Amino acid sequence: MRVFLTGATGFIGSYLVPELINAGHQVVGLSRSDAGADALTKAGAEVLRGDVNDLDRLRIAAEAADGVIHAAFNHDFSHLKQHSEEDRKVIETLGEILAGSDRALVVTSGTGLVRSKTGAPVVEADDHVTSAEFARAATEEAADALMAKGGRVMVMRLPQVHDTRHQGRIGQHIQLARKQGRVAYVGDGENRVPAVHVSDAVRLYRLALEKGRAGARYHAVGEEGVALRDIAEVIGAGLKAPVESITPEEAPEYFGWLANLATINLAASSMLTRREMGWSPTGPDLLTDLRNMDWSSGSHAQPRSSNAHRPSRAQPS
């Protein structure tokens, strides 16, 4: 299958490209930079130079593809509404090209956009918030519109995706701890975040592309929830910094824009996804990857060279 991949030179893309190629697929990856293009070429992918917001370039690539995985998103939260609406346009454009065919479009979202109807961990059938509530939901709204037209569109909801180099939002907790010289959690710290090792996440992307059901929402969740207190204690041990509980009132001063997320429970289930897709996560858990980071780095942790889950290809820019 000829697969067009946005976000091909990012963290997930650096694992997803070899996952697809090793399964026999031909990958066309989007890259803005020479370094990214070189990494894709070394990994065995074809390179399409351009920006994800160049809609004409996307149309050309999608026309020639047997399937599309859209994994790109600009995570600059200072312009979240702008980037979310740009993502809506990207999804609309890709969907228009693939409409009327059986070619798959896998769109990337997050479990944090979903709200539980029961107070239990969110499930695949739970509704996402609206973009009026949180701008990032524009992604799922765009997918909804395409699904309503009968396209073979699937949503991949990601939790905290990690290896020993990257930990998603938890990386922000580490940066805050370095800056403030202490590690904080709110209240008893029993509120949880879901997580998945990146190698398991990309395997589910491939399965969705190959045999996913039109209109499905899949949860790439390896761990239903990891308590923020446990995460804080591992960060404290790594940085040799004190760990303490703070009140909800103190959270904005310590966490800044992360304060709301640091106080709520975001646990998510993947039971339905596992059953339908035959997917069983096998990668290291979040706390193991955190413990195996090289904490000697001054600004952010780097992987140890012995990390068995690090891809062998050149790393993207």
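Reader: How much space lies in the second largest pocket?

Author: The general idea is that rolling a probe the size of a water molecule over the atoms shows where empty space is left. Here the second largest pocket holds about 150 Å³ of space. A pocket is an open set of points on a 1 Å grid over the protein atoms alone, with protein on both sides within 12 Å along at least five of seven lines, whereas a cavity is a set of points where a 1.4 Å probe fits but cannot get out. Grid points are joined across faces, edges and corners, and the volume is the space filled by probe spheres set on the points. This is a predicted model, in which local features need pLDDT of at least 70 and side-chain atom pairs count only at pLDDT 80 or more, while totals for chains, interfaces and linings use all residues. Residues are numbered from 1 along each chain as its sequence is written, and side-chain values use heavy atoms, with hydrogens and water left out.

Reader: Which residues lie nearest the centre of the second largest pocket?

Author: They are Gly95, Leu98, Ala99, Leu146 and Gly151, out of 14 lining residues; a lining residue has an atom within 4 Å of a point. Helix α4 (residues 80-98) gives the most to this lining, with three residues. Helices (H or I, at least four residues) and strands (E, at least two) are DSSP runs, numbered from the N terminus. By class, the lining of the second largest pocket has five nonpolar, five polar and four charged residues. Ala, Val, Leu, Ile, Met, Phe, Trp, Tyr, Cys and Pro count as nonpolar, Asp, Glu, Lys and Arg as charged, and the others, Gly among them, as polar.

Reader: How many cavities of 30 Å³ or more are there?

Author: The count comes to one. The largest cavity has a volume of about 80 Å³. Its lining residues include His173, Tyr185, Leu228, Tyr254 and Phe255. Two or more lining residues come from each of β8 (183-186), α8 (228-239) and α9 (251-255), and α8 gives the most, with four. The lining of the largest cavity has ten nonpolar residues, one polar and no charged ones.

Reader: How many aromatic pairs does a search of the whole structure find?

Author: A pair of aromatic rings is described by the distance of the centres and the angle of the planes. Rings of Phe, Tyr and Trp (its six-membered ring) pair if their centres lie within 6.5 Å; planes under 30 degrees apart count as stacked, over 60 as edge-to-face and the rest as tilted. The search finds two pairs. Phenylalanine 11 and tyrosine 15 have ring centres 6.0 Å apart and planes at 90°, so this pair is edge-to-face. They are separated by about one helical turn because they stand four residues apart in helix α1. Tyrosine 254 and phenylalanine 255 form an edge-to-face pair, at 4.7 Å centre to centre and 75° between the planes.

Reader: Is tyrosine 15 buried or exposed?

Author: Buried means under 20% relative accessible area, exposed over 50%, and partly exposed in between (1.4 Å probe, protein chains only). Tyrosine 15 has 7%, so it is buried. Tyrosine 254 and phenylalanine 255 are buried too.

Reader: Which residues have the most contacts inside the largest nonpolar core?

Author: A nonpolar core is a set of buried Ala, Val, Leu, Ile, Met, Phe, Trp, Tyr and Cys residues joined through side-chain atoms within 4.5 Å. The largest has 34 residues, and those with the most contacts inside it are Leu5, Val17, Ile69, Met156, Tyr205 and Tyr218. At least two residues each come from β1 (2-6), α1 (11-22), α2 (34-43), β5 (104-110), β6 (153-158) and α7 (198-211). The largest share of this core, eight residues, belongs to α7. Another core, of 30 residues, lies apart from it, and Leu176, Val186, Ala232 and Leu258 are among its members.

Reader: What is leucine 5 in contact with, leaving aside its neighbours within four places in sequence?

Author: Contact means heavy atoms within 4.5 Å. Leucine 5 is in contact with Leu16, Val17, Val27, Val28, Gly29, Leu30, Ile69 and Ala71.

Reader: What is the phi of lysine 240?

Author: Most residues other than glycine have a negative phi. Lysine 240 has a positive phi of about 55° although it is not a glycine. Lysine 240 lies in the loop between α8 and β12 (243-246) and, at 74% relative accessibility, counts as exposed.
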